[in-house]
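Work through the exercises below with the sequence and the model side by side, and try each task before reading its solution.

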Amino acid sequence: MPELEKMTFRQFARRFIKTQWKLYADAMIIFAIFIAIVEVIANFDKINLGSVFWIKLSLMALILLGVGIYFMEKNLQNYHYYKLKNKPILKGVDTYNLVKDDFEISVTLEDLKVKFNTFAPCCPNCHSQRLHQKIDKFHCQNCHHQFIISPKLNNINTHHLVIIYVLMFFIIRSLSDGSYLMLLFIPILFLVNLSSQYYWCKTPKWKLQSP
């Protein structure tokens with residue numbers, strides 16, 4: 001996190017694009033397929049589809065179903081890791097066994113996932129993720145410091161959610177004018193996420209208190 005906090009917007013944007021471009025590219029492809037399906041259904045009476053097309057479509061559906069089942073089973077094999085919402089465990093501070101065997105840590109990290117976006121919450125003093133929540137305070141099991149979340153994080157997340165919902169509202173309204181406008185949703189969502197995560201990185205996360 002110190003490295004991210006020191007980054008300029010240009011450096012952060014390059015890092016964000018490098019790590020996130022596949023997700024947004026996949027979303028664009030899914031939206032394009034959805035729009036293609038809508039267009040096919042709207043003009044179905046004008047299209048003459050043979051039996052070969054339906055056989056290929058059925059095979060593709062079966063392959064996608066198989067891939068989905070495979071990844072679901074793979075996730076279930078690492079149940080505790082899945083329960084921690086795939087948050088990385090920082091090397092050299094905690095061990096996997098210490099984190100996965102403590103139910104309170106799983107619950108705390110689950111509560112913090114919204115405020116910390118895609119980043120793993122950890123103690124600002126020793127960087128341990130062995131956090132327990134006590135009402136509005138958090139307690140580190142490694143160095144025994146207590147701290148509370150900065151209220152600015154809630155403001156950033158609230159603004160982010162409001163923008164996303166407004167954006168989705170206008171996109172849904174645009175469906176009556178043309179489904180192609182839905183493709184604009186992904187680039188705008190990319191810019192919203194980029195700016196909100198940049199300001200999130202520049203915002204102090206914790207108010208530290210001594211043990």
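The exercises go from the whole chain to individual aromatic rings and then to one helix residue.

This is a predicted model, in which local features need pLDDT of at least 70 and side-chain atom pairs count only at pLDDT 80 or more, while totals for chains, interfaces and linings use all residues. Residues are numbered from 1 along each chain as its sequence is written, and side-chain values use heavy atoms, with hydrogens and water left out.

**Exercise 1.** Describe the secondary structure and burial of the protein chain.

Solution. Begin with the elements, taking helices (H or I, at least four residues) and strands (E, at least two) as DSSP runs numbered from the N terminus: the protein chain has 8 helices and 4 strands. Read from the N terminus, their order is α-α-α-α-α-α-β-β-β-α-α-β. Next, apply the burial classes, where buried means under 20% relative accessible area, exposed over 50% and partly exposed in between (1.4 Å probe, protein chains only); 30% of the 211 residues count as buried.

**Exercise 2.** Find the aromatic pairs and classify that of phenylalanine 12 and phenylalanine 16.

Solution. Rings of Phe, Tyr and Trp (its six-membered ring) pair if their centres lie within 6.5 Å, and planes under 30 degrees apart count as stacked, over 60 as edge-to-face and the rest as tilted.

**Exercise 3.** Is the pair of tyrosine 198 and tyrosine 199 stacked or edge-to-face, and how does burial divide its two members?

Solution. With 5.7 Å centre to centre and 70° between the planes, tyrosine 198 and tyrosine 199 are edge-to-face. Tyrosine 198 has 13% relative accessibility and therefore counts as buried, whereas tyrosine 199, at 54%, counts as exposed.

**Exercise 4.** Locate leucine 161 and state its accessibility class.

Solution. Leucine 161 belongs to helix H7 (residues 151-174), and its relative accessibility of 45% makes it partly exposed. Its C-alpha atom is separated by 9.9 Å from that of valine 192, a residue 31 residues apart from leucine 161 along the chain.
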